[in-house]
Amino acid sequence: MTAALGPVGVGFRSRRRIPVTIVVCLAVLAVALLAVLLGPLLFPDATEQDILSSLMPAGSPGHPLGTDELGRDILALTVAGAASALVGPVCVAVGSMLLGILLGTLAGYERGPLDFAISRWTDLLLALPVLLAAIVVSGVFGGGYWTTVALLILLFSPSDIRIVRAGVLEQAARPYIEAAQMLSLSRWRVMFRHILPNVSSLVITNAMLNVAFALVAFSSLSFLGVGVPPGTADWGRQLTDNRAIMFDNPAAVIVPAVLIIAVACCVNLVGDWLGQRLTRSGGLA
Amino acid sequence: MTGIDVAIDGIDGPTGPMVAAVAFGIEPGASLALIGESGSGKTLTAKSLVGLLPNGFVARGVLRVDGRAHPLDATDASWRRVRGREVSLLLQDPFTSLSPVHRCGPQIAWTLEAQAGRRLPKRELDLAVAKRLAEVNLPARVARAYPHELSGGMRQRVAIAAALASDPRLLIADEPTTALDASNQAEILDLLRALQIERGMAMLLISHDLGLVRGRTDDVLVMRHGEVVERGATATVLSSPEHAYTRALIAADPVLAIEADRHDRPDRPDRPDRPGDALGHGADIGVSGRIPLISATGVVKRFGLRTVLDGVDLSIAPGQVVGVVGESGSGKSTLARCIAGLEREDGGSIVFDGRPLAPGRRSRTPEQMQIVFQDPYSSLNPMMTIGAILREALAVGGRRPEEVPALLELVGLPADAAAKRPAQLSGGQRQRVAIARALAPRPRLLICDESVSALDVQVQAQILDLLGRLRDELDIAILFISHDLAVVRRIADTVTVVWQGRVVEHGTCAQVLDEPSEDYTKLLVAAARRDSTGRTTVA
């Protein structure tokens with residue numbers, strides 16, 4: 001999360017008051033971040049099985065959220081699962097953002113055959129159903145966690161590429177870009193120093209949305225048994241595994257489900273707000 | 001020891017030496033022509049001899065008038081005793097060198113009274129003014145006229161009378177006929193020659209035009225890039241020039257060029273490609289006749305099936321301001337963009353300083369030309385600070401980032417503007433930044449594509465003043481695109497009227513805007529007059 005939130009402190013000269021909703025969202029995300037960082041330290045043996053204490057309801061002594069079928073503590077499992085649930089989506093969002101910036105800027109600024117090739121490539125990727133492709137590829141290549149991350153980067157990139165390309169197309173026609181061309185600046189300098197900052201609000205907003213989408217996609221994949229191997233601490237995995245004990249210990253399902261929804265919503269809201277701030281600070285969309 | 005003796009050790013500008021050591025003498029009753037293109041240092045040389053160098057310029061050396069030495073770096077107060085008494089300066093533009101709110105008579109009378117050191121009785125003064133006017137072949141009634149009631153030639157005669165009223169030992173005439181049409185040019189120069197001989201006065205005639213001084217000065221001095229490249233008797237230099245540059249100047253003889261230009265006009269409407277025109281002998285060498293800095297010949301541009309430019313010729317001499325007018329859709333902006341390389345022309349040739357340029361940006365360098373766009377809101381990167389924008393442009397010209405404050409000062413902005421972003425500046429301020437950015441690589445041609453159209457009238461006037469000042473200080477040529485005749489009149493030397501992708505009329509501002517010969521230009525001028533009643537601009 002740090003990478004995506006970085007720009008909050010940078011580039012704004014006038015510090016306006018941050019809305020309460022955003023403060024709450026940032027707090028939720030900060031707690032999630034803490035869980036990612038401290039989870040392994042607090043609960044090093046979260047996945048340790050203990051058949052003797054299986055299926056304890058929430059509020060049991062020593063197990064505030066109860067245990068699952070295998071006797072694993074839900075609280076420990078949920079905290080430890082934050083890393084797996086959040087790191088992947090953030091990597092997907094950042095990865096597809098970088099891919100989108102590179103290919104989208106090239107396509108939008110260079111135009112011509114390169115634009116054609118990149119645009120048809122995005123069309124092809126967009127035509128693929130994300131989850132189906134993920135299931136097939138994971139099935140074929142063994143479905144490791146990082147294979148899934150790579151695959152989702154590829155599948156998420158078309159939206160980034162298209163958004164960046166559209167933004168660059170709009171900026172490239174503006175006189176300040178022609179002024180840069182009059183100075184015979186290199187194309188890389190024009191693309192990445194002049195145009196990119198002006199489409200950054202689009203890029204960052206979209207990346208934040210992608211974090212939320214990837215979080216849900218990861219959970220779905222884990223739910224389908226593809227993304228995260230069984231036995232790993234992961235929110236999506238918890239949903240899959242604990243479906244059967246939903247009535248014995250509802251917390252085992254509700255807690256990770258609520259966390260997925262909460263984090264996805266917060267990232268979305270923060271992304272929206274950040275996009276607006278960036279737009280206003282620059283004066284151009 | 002009589003006569004004028006000049007020994008300049010050098011003139012330094014804010015950016016380094018501008019003129020190297022120059023020394024010359026002029027006998028009483030003799031005249032010397034100082035010839036050179038814009039940027040050669042001829043005007044700086046002239047101004048250093050009256051202590052009127054622009055801010056930031058320092059001259060070292062000494063001027064001797066009949067043996068009396070005047071150091072060139074003297075204070076303004078001591079210069080005031082020299083100016084007008086020993087040395088008079090006749091300026092290029094009779095439209096601005098006379099006060100517009102005073103009648104012509106008093107403007108001559110002031111000098112007469114200053115010379116006499118006392119107030120003169122009215123009768124005596126009127127007689128003296130009439131005598132001075134008669135000397136420049138003007139009737140006495142001109143004394144009661146305001147400058148705007150007189151033609152350009154008459155105004156320049158009044159200016160000459162005023163300059164000579166103090167009976168100076170040296171008259172410096174700085175391009176005294178550039179603003180006049182061809183027939184007036186010869187008359188004024190002949191008049192100056194006659195007066196100079198009659199009065200036994202020394203004259204230094206500054207001109208870009210070797211042809212004009214033929215038979216009108218005794219000696220000639222040719223300057224280029226701040227150095228004297230050739231000197232000698234006028235007749236000798238003209239008949240057997242030694243330096244290649246002098247030969248090039250003679251080759252661009254203005255009289256021939258103007259004649260050719262006139263004969264050329266009738267067949268212009270449906271001109272086919274004329275291969276012999278590439279270097280513009282028969283085409284536009286520009287009314288002033290200098291070697292063109294840029295010349296576009298037969299430029300054609302199509303957008304799909306629409307032909308936007310249909311064989312346009314345009315040529316700009318170094319330091320010249322050429323206005324291109326036309327209504328929207330006439331193709332004038334497309335022409336500017338083809339010259340700048342932002343659009344690729346489909347036919348014709350564009351030659352910069354003798355070198356043909358291929359279509360597109362890649363054949364052009366930032367030092368050749370820069371452009372200032374119409375809209376100051378979108379022509380600056382909103383995410384960059386002014387300082388960053390200017391540092392980048394300076395780096396392109398190989399200049400140091402420390403020059404940002406000087407660059408801001410040049411366009412009349414405070415140094416603290418560097419820390420701001422475009423959104424924090426007004427439209428006029430932004431346009432100044434855009435001009436500063438365009439000037440940073442020291443281009444030789446500045447293209448202004450409707451650069452003042454988006455600004456309100458007062459700011460417009462400020463920016464026009466700025467452009468005029470920069471043109472004088474930096475000797476930069478300007479291609480000024482506008483739909484607004486009043487604006488063009490204020491800044492341009494010559495005007496080209498474009499209609500439906502073709503040049504319909506071309507000539508000096510006065511010729512084209514006061515006496516338009518083509519129907520379309522007449523319409524345009526009439527429309528501007530109507531327009532001016534509703535707005536504050538004056539056509």
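This is a predicted model: local features need pLDDT of at least 70, side-chain atom pairs count only at pLDDT 80 or more; totals for chains, interfaces and linings use all residues.
Local features are given where pLDDT is at least 70 and side-chain atom pairs at pLDDT 80 or more, while totals for chains, interfaces and linings use all residues. Residues are numbered from 1 along each chain as its sequence is written, and chains are lettered from A in the order in which they are written.

**View 1. The side of chain A that touches chain B.** The contact draws 15 residues from chain A and 20 residues from chain B; two residues are in contact if their C-beta atoms, placed from the backbone, lie within 7 Å. In chain A, helix H7 (175–182) and helix H8 (187–223) each supply at least two residues of this side. Helices (H or I, at least four residues) and strands (E, at least two) are DSSP runs, numbered from the N terminus. H7(A) gives the largest share, six residues. By class, the side of chain A that touches chain B has seven nonpolar, six polar and two charged residues (nonpolar: Ala, Val, Leu, Ile, Met, Phe, Trp, Tyr, Cys and Pro; charged: Asp, Glu, Lys and Arg; polar: the others, Gly among them).

**View 2. Helix H7(A) and what covers its buried residues.** Eight of the eight residues of H7(A) are buried, so this helix is largely enclosed by the rest of the structure. A residue is buried if 20 or more other C-beta atoms lie within 10 Å of its own, exposed if 12 or fewer, and partly exposed in between, with C-beta atoms placed from the backbone. Among the buried residues are Pro175(A), Tyr176(A), Glu178(A) and Met182(A). The cover includes helix H6 (145–172) and H8 of chain A, together with helix H11 (332–340), strand E17 (369–372) and helix H14 (427–439) of chain B.

View 3. Gly319(B) counts as buried because it has 23 C-beta neighbours inside 10 Å. Its C-alpha atom is separated by 8.1 Å from that of Arg444(B), 125 residues apart along the chain.

**View 4. The contact of H3(A) with H4(A).** The residues that make this contact are Leu103(A), Leu106(A), Ala107(A) and Glu110(A) of H3(A) and Gly112(A), Leu114(A), Asp115(A), Ile118(A) and Ser119(A) of H4(A). They comprise five nonpolar, two polar and two charged residues.
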